[in-house]
Amino acid sequence: MTDKREALSELAAQKLVEQIRKKPNSNLGLPTGRTPVTMYRHIVRLSREFGLDWSEVHCFALDDYLETLEEYSFQKYLEKNLYQHIGISAANTHNPRFNDDYDQLIEKHGGLDLTVLGIGANGHIAFNEPGTPEASYTQCIWLDESSRNSLKGGFPEDSDVPTKAVTMGISTILSSKSIIMLAFGEEKKEILKRAFDNGVDPTIPASFLVLHKNVSILTDCD
Ligand code: PGA
């Protein structure tokens, strides 16, 4: 972990903690993957330092695998990296795998206040793979071959890499009042440039973020 990544992860954590202090009943859209691990470490630390009250916060996982080994699920990831450290009630943690109408559930709670995203090397946000339209809501999808390739190494066997997932849609994400994107490493440099330099291009799902008025991109790519 470079100093810059550490600092950007801490900044993302500070923004999220600030959101909760400003609005104790915040609804958060939460990512998984390699990139946000350090952000979660800082959230846990800051949460302890401030004695942050999570009792009214609702956490919504962006996505999760389908038909995979449970220990590799995003639900487990979020429990391990965040939920178990902050004493949040299970009733306040949500996952699209366990909800038939995730968009309606989010709506019922008053909408997403802050959503944190990563970006896939193919430009996906959550598991909205290239070609996903703007008018998409939470849905089951087939993972793109490039997404599956980047997941190899994280599973015991290549054949364990999931083929299906359930993910918030582009519209679900764009409905969030604010968005933070974390993008670290050389392998994200090219796709970031393509996503944000040329307007909306449905073959690069992250490019839909140019339609949103409150997106912060925290990146160590020059
Ligand atoms: P990564 O995944 O953080 O593991 O690179 C990012 C993503 O696919 O959104």
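Asp 113 counts as buried, at 3% relative accessibility (buried means under 20% relative accessible area, exposed over 50%, partly exposed in between, with a 1.4 Å probe and protein chains only). This is a predicted model, in which local features need pLDDT of at least 70, side-chain atom pairs count only at pLDDT 80 or more, and totals for chains, interfaces and linings use all residues. Residues are numbered from 1 along each chain as its sequence is written, and side-chain values use heavy atoms, with hydrogens and water left out.

**Salt bridges**

- Side chains of opposite charge can pair when their charged atoms come close.
- The whole structure holds 12 salt bridges (a side-chain nitrogen of Lys or Arg within 4 Å of a carboxyl oxygen of Asp or Glu).
- Asp 113 pairs with Lys 177 in one of these salt bridges, at 3.3 Å from N to O. Asp 113 lies in the loop between helix 4 (102-108) and strand 5 (114-117), and Lys 177 in the loop between helix 6 (170-174) and strand 8 (178-183), so the pair ties together parts that are 64 residues apart in sequence. Helices (H or I, at least four residues) and strands (E, at least two) are DSSP runs, numbered from the N terminus. Lys 177 is partly exposed, at 48%.
- Asp 220 and Arg 5 form a salt bridge of 2.7 Å, N to O. Asp 220 is in the segment after strand 9 (215-219) and Arg 5 is in helix 1 (residues 3-22), so this pair joins parts that are 215 residues apart in sequence. Asp 220 is buried at 16%, whereas Arg 5 is partly exposed at 25%.
- Arg 41 and Glu 6 form a salt bridge, with their closest N and O atoms 3.1 Å apart. Arg 41 belongs to helix 2 (residues 37-50) and Glu 6 to helix 1, so the pair links parts that are 35 residues apart in sequence. Arg 41 is partly exposed at 46%, and Glu 6 is partly exposed at 24%.
- A network of salt bridges links Glu 10, Arg 45 and Glu 49.

**Nonpolar cores**

- The largest nonpolar core has 55 residues, of which Leu 16, Leu 28, Leu 30 and Trp 54 touch the most other members (a core is a set of buried Ala, Val, Leu, Ile, Met, Phe, Trp, Tyr and Cys residues joined through side-chain atoms within 4.5 Å).
- Helix 1 gives the most to this core, with 6 residues.
- Leaving aside residues up to four places away in sequence, Leu 16 touches Leu 28, Leu 30, Ile 43, Trp 54, Leu 114 and Val 116 (contact means heavy atoms within 4.5 Å).
- A second, separate core has 9 residues, including Phe 127, Ile 141, Phe 155 and Ala 165.

**Positive phi angles**

- Most residues other than glycine have a negative phi.
- Glu 67 has a positive phi, near 55°. Glu 67 sits in the loop between strand 3 and helix 3, and is exposed at 68%.
- Ala 126 also has a positive phi, near 50°. Ala 126 sits in the loop between strand 5 and strand 6 (139-142), and is buried at 10%.
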